[in-house]
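Me: Can you walk me through this structure? I'd like to take it one piece at a time.

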Amino acid sequence: MSGPEDKSEGEQPERLYIITGGRSDASEQAPLDLVSLIVSRSAPQPDMLPEHSAIVRMCQYPLSLAEISAYLALPVSVVKVLLADLLGDGRVEARAPVTPASLPDVELLEAVMHGLQKL
Amino acid sequence: MDCKSSDRHTGPSREDTLPASVTAAVKIVVVGGFGVGKTTMVGSVSEIRPLTTEETMTQAGVGVDDTAGVERKTSTTVAMDFGRISINDQLVLYLFGTPGQERFWFLWNGLFQGALGAVVLVDTRRLEVSFDVIGRLEERGVPFVVAVNTFPGAPVHSMEELRAALDLPESVPMLDCDARKRTSSRDVLMTLMRYLYSLAVTPEPK
């Protein structure tokens, strides 16, 4: 018998601290969004952190930051730090999300409507 | 069986892989109280099984809630479910479900930044969460539609009554939906898109 499931602690904080090198803010380097698409530019190297090489491996095809976070089971903020490292080293590239300044343009909206109609 | 670390880092299965031609992504946020059907809606239209991402609120995070120098090591983790719809060869749409209660608003900064708009999913048995959500979206200038998820046994209100109860302007679209049904959830998204389109072609005078 196990007691009530306690998932509130989540990941071991020490591990998260180690893989981010204690950094918590990657925003200065790369303004990454949840839907920034990441694509690898090289193969994983043996000297990489396991999390770095996992990202490089799974991003052979475009993958959003949110998906990377889900597959790695790591918080978004941690994945941002990991991606900032990889972007800095040129291991991956980020395809910027479409971030409309105020209102999205009509062509984009039409494209989305057209796509949804096929659902 | 030891599959813990190997399994976790594998990434998407072959059929969940996006084509290399995809260059851009947009997002829509589905917001509502617990159990209102956010994940159901995301799942009913998503081409992938909904995934879960999490965000941690730490003391180093966005300075929205200054708790007067209380040095606590507590960090709140909130899970968000999301799904994906390929729009065409270049464009992909992500749908995020996020809880509407005020204590989760710290998530909203990154979430609504650059989002096309939002769907407020309403359970007529618990309208109070929707009040706060709608007020907050209006404050942030996020365009949204209101979808009333129909639950068996929920009190039946006319749309006029609900609109009045939610203090919703006439201009904001409202519709019934069944979040379990793909076509119904798709119609909600289409309603949002048409609304955004109308806003884009006839901008409000400032």
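**Contacts, elements and the interface**

Reply: Gladly, and please keep in mind that this is a predicted model. In chain A, of the contacts with a separation of 6 or more, 73% are between residues 24 or more positions apart.

Me: ok, and how many helices and strands does chain A have?
Reply: Chain A has five helices and three strands, and if you read along the sequence they follow the pattern α-β-α-β-α-α-β-α.

Me: how much of chain A is buried?
Reply: Chain A has 119 residues, and buried residues make up 39% of them.

Me: switching topic, how many residues of chain A are in contact with chain B?
Reply: On the side of chain A there are 40 residues, and these are in contact with 46 residues of chain B.

Me: which elements of chain A give two or more residues to that side?
Reply: They are helix 2 (50-58), strand 2 (63-64), helix 3 (65-72), helix 4 (76-88) and helix 5 (106-117) of chain A, and helix 5 gives the most, with seven residues.

Me: what classes of residue are on that side?
Reply: The side of chain A that touches chain B has 27 nonpolar residues, together with seven polar and six charged ones.

Me: now chain B, is strand 2 mostly covered or uncovered?
Reply: Strand 2 of chain B, residues 51-57, is mostly covered, since five of its seven residues are buried.

Me: and how many bridges join strand 2 to strand 3 there?
Reply: Seven bridges join strand 2 of chain B to strand 3 (residues 76-86) of chain B, and the two run antiparallel.

Me: which residue does L51(B) stand opposite?
Reply: L51(B) stands opposite F82(B), which is in strand 3 of chain B.

Technical notes:
Residues numbered from 1 in each chain as written. Chains lettered and ligands numbered in written order. Predicted model: local features only at pLDDT ≥ 70, side-chain atom pairs only at ≥ 80, totals over all residues. Contact = placed C-beta atoms within 7 Å. Helix = DSSP H or I, 4+ residues; strand = E, 2+ residues; numbered from the N terminus. Nonpolar A, V, L, I, M, F, W, Y, C, P; charged D, E, K, R; others polar. Buried ≥ 20, exposed ≤ 12 C-beta atoms within 10 Å, placed from the backbone. Pairing = 2+ DSSP bridges.
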